[in-house]
Amino acid sequence: QIVKGKVERLILNANGVGGVLVNLAEGISGLVPEMHLADVHLQHPEKKFREGVTVTARVLSTDPEKRQIRLTLKKTLVNSQSTIWKDYSAISVGDQSPGTLINILPAGAVVQFYGTVRGFLPVSEMSEAYIQDPAEHFRLGQVVNVHVLSVNSEKGKMTVTCKDPAAFNLAQQTALKELKPGAFVNASVTEKTNDTINVEIETSGLKAIIHLEQLTDGSEQKNLSAMKRIRVGQKLQDLVLIEKVEKRHLVVLTNKPSLVGAAKAGTLLATFSDVKEGQKAPGFVRNVTPESVYVQFAGGLVGLLLKSQLSADIAKLPAYGLRKGQSISTRVLSVDHAQQRFLLTMRDDAPKTEQKSKPASAALIE
């Protein structure tokens, strides 16, 4: 319901202005929480909401028992023509409506609508582009337009998405299916964050990401230097696809010369059938444990490098002197075809007997 009223007074708290009390009628007032004062954060709300100023608001919720009314002054909500979501049973999959972010978490955000209706916005549904930290892209009180992915009226639960269902068209679905790990693509930079570059793949329009550690084979500083040189709108050539998750429309690319070179030579490991004993296998560090290093290749392929198979110069270093995403040169030591697992080595003197005595039971393929 749209209502008109006059500012009665400001509500103050330890952080400053916590809201505005609006008089709607004789004996009836409503509270506008601080995050609902405007579509943008107001530095000095006391200048805009002086006593007696007339405002137009929309009712967010009412509690007759407590005689409480919550209002919003956000223009995007007050002027919205979308159906009001105030009852889960009246909401269907695919419906669209604006909502307000009231909690931002690493896994996503909670979106508030009207009454007690809320929805969860998973981080994977926040954008067509990859988002690692929602707090870098969204803020509390921000209004987002969402579509319903799922709703359970009995449990009062709902999952929503910021993605336009029509945006990922059939041509893009086909293009994503045809993209194979190890494939070369050219792309244009659309956005940069502290540790990722978002790009759009030429011809297909698919969104993809390049993690900071995938820019070079060098040190963290070299990766940062490469990141600084890259500009939004710049075209990047001969990137290699190292991973894709079709359900999330996620494509991950690399610019590491070691992986790009292996892909050009046709030796980049991308499927288990590519793995052969004795072959050279350039990859990058996925994880380091006290007894081993997990090495990742294209296609989410991961092999195990045991501590005993590390080169002597790094075996005694803390965490073996390795960091996540670091380029690493290995050789396939043994392959367990039954379990689809394989072991790696950095040693040139790995004896044949050791290859047989150490089955690849501890290796991992994901």
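This is a predicted model: local features need pLDDT of at least 70, side-chain atom pairs count only at pLDDT 80 or more; totals for chains, interfaces and linings use all residues.
Over residues 1–74 the chain is 5% helix and 58% strand, with the end C-alpha atoms 14 Å apart, and over residues 94–163 it is 0% helix and 50% strand, with the end C-alpha atoms 11 Å apart. Helices (H or I, at least four residues) and strands (E, at least two) are DSSP runs, numbered from the N terminus.

Strands of a sheet pair through backbone hydrogen bonds, either parallel or antiparallel. One closed barrel of 5 strands runs E11-E12-E13-E15-E14 with mixed pairing, where two strands pair if DSSP finds at least two bridges between them. Neighbouring strands of this sheet are turned by 55 degrees against each other on average, direction ignored. Strand E11 (residues 184–192) and strand E12 (residues 196–201) run antiparallel and are joined by 5 bridges, with Ala 187 having Ile 201 as its bridge partner in E12.

Another closed barrel of 5 strands runs E16-E17-E18-E20-E19, again with mixed pairing, and its neighbouring strands are turned by 50 degrees against each other on average, direction ignored. Helix H5 (residues 257–265) packs on this sheet and touches E16 and strand E19 (327–336), its direction making about 140 degrees with that of E16; contact means heavy atoms within 4.5 Å, and axes are lines fitted to C-alpha atoms, for helices over the stretch in contact, with angles from 0 to 180 degrees between N-to-C directions.

The largest pocket has a volume of about 510 Å³, and of the 20 residues lining it, the closest to its centre are Tyr 130, His 211, Glu 213, Glu 243 and Lys 324. On a 1 Å grid over the protein atoms alone, a pocket is an open set of points with protein on both sides within 12 Å along at least five of seven lines, a cavity is a set where a 1.4 Å probe fits but cannot get out, and lining residues have an atom within 4 Å of a point. Grid points are joined across faces, edges and corners, and a volume is the space filled by probe spheres set on the points. Strands E13 (207–211), E14 (235–245), E15 (250–254) and E16 (280–289) each supply at least two residues of this lining.

Methods: Residues are numbered from 1 along each chain as its sequence is written. Side-chain values use heavy atoms; hydrogens and water are left out.
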